[in-house]
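Here is a short briefing on helix packing, aromatic pairs and loop residues. Please look at the structure first.

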Amino acid sequence: DEFVNDVIGFIHENYNMEITISEIAAKFHMEQNSFIRRFKKFANVTPYQYLKKVRVNMALALMKGDKYDLHEIARKVGYSDASALSHAIKKCIKN
């Protein structure tokens, strides 16, 4: 679905910003619940789950480089603080 590909592209370009699902839905001129349903129908995950996965994967890649501390990595991948990033990583690893 071209719509989902466009959304995925937008997420990959903007994962490092503090964006919300409602902001992404508005960007694509959709009501939030309709946006979530349409994305999930084709991607098999919600847009939030996809955004979180992208952020966690990027954070893990940055951790391997050993150049940044957790606070810097959190900011670089769109989390407000290191605690939120740590929680997201633990949750993703558990699933």
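Residues count as buried under 20% relative accessible area, as exposed over 50%, and as partly exposed in between, using a 1.4 Å probe and protein chains only. By that rule Ala43 is partly exposed, with a relative accessible area of 23%. The model is predicted: local features need pLDDT of at least 70, side-chain atom pairs count only at pLDDT 80 or more, and totals for chains, interfaces and linings use all residues. Residues are numbered from 1 along each chain as its sequence is written, and side-chain values use heavy atoms, with hydrogens and water left out.

- Helices are DSSP runs of H or I with at least four residues, strands are runs of E with at least two, and both are numbered from the N terminus.
- Axes are lines fitted to C-alpha atoms, for helices over the stretch in contact, and angles run from 0 to 180 degrees between N-to-C directions.
- The axes of α1 (residues 2–14) and α4 (residues 47–65) come within 10 Å and cross at roughly 40 degrees.
- That angle makes α1 oblique to α4. Angles under 35 degrees count as roughly parallel, over 145 as roughly antiparallel, 65 to 115 as roughly perpendicular, and the rest as oblique.
- The crossing of α1 with α4 is right-handed. Right-handed means that the near helix is turned clockwise from the far one by less than a right angle, and left-handed means anticlockwise.
- On the α1 side the contact uses Ile8, Ile11 and His12, and on the α4 side Pro47, Tyr50, Leu51 and Val54. Contact means heavy atoms within 4.5 Å.
- The residues of this contact divide into six nonpolar, one polar and no charged. Ala, Val, Leu, Ile, Met, Phe, Trp, Tyr, Cys and Pro count as nonpolar, Asp, Glu, Lys and Arg as charged, and the others, Gly among them, as polar.

**Helix α1 against α3**

- The axes of α1 and α3 come within 9 Å and cross at roughly 100 degrees. The two helices are therefore roughly perpendicular to each other.
- Phe3, Val4, Val7 and Ile8 of α1 meet Phe35, Arg38, Phe39, Phe42 and Ala43 of α3.
- By class, this contact has eight nonpolar residues, no polar and one charged.
- Ala43 belongs to helix α3. From Ala43 to Ile21 is 22 residues in sequence and 15 Å in space, C-alpha to C-alpha.

**Helix α4 against α6**

- The axes of α4 and α6 (residues 82–94) come within 10 Å and cross at roughly 105 degrees. That makes α4 roughly perpendicular to α6.
- In α4, Lys52, Val56, Ala59, Leu60 and Met63 take part; in α6, they meet Leu85, Ala88, Ile89, Lys91 and Cys92.
- This contact has eight nonpolar, no polar and two charged residues.
- Lys64 also lies in α4. Lys64 is exposed, at 74% relative accessible area.
- Lys64 and Ser22 are 42 residues apart in sequence and 32 Å apart in space, C-alpha to C-alpha.

**Aromatic pairs**

- Rings of Phe, Tyr and Trp (its six-membered ring) pair if their centres lie within 6.5 Å; planes under 30 degrees apart count as stacked, over 60 as edge-to-face and the rest as tilted.
- By this rule there are five aromatic pairs.
- Phe3 and Phe28 form an edge-to-face pair, 6.0 Å centre to centre with 85 degrees between the planes.
- Phe3 lies in helix α1 and Phe28 in the loop between α2 (21–27) and α3, so the pair ties together parts that are 25 residues apart in sequence.
- Phe3 is buried, with a relative accessible area of 10%.
- Ring pairs join Phe3, Phe10, Phe28, Phe35, Phe39 and Tyr50 into a cluster.

**Loop residues**

- His29 sits in the loop between α2 and α3. Its phi is positive, about 55 degrees, although His29 is not a glycine. His29 is exposed, at 74% relative accessibility.
- Asn44 sits in the loop between α3 and α4. Asn44 is not a glycine, yet has a positive phi of about 65 degrees. Asn44 is exposed, with a relative accessible area of 63%.
- Thr46 is found in the loop between α3 (32–43) and α4. At 18% relative accessibility, Thr46 is buried.
- Leaving aside neighbours within four places in sequence, Thr46 is in contact with Ile36, Phe39 and Lys40.
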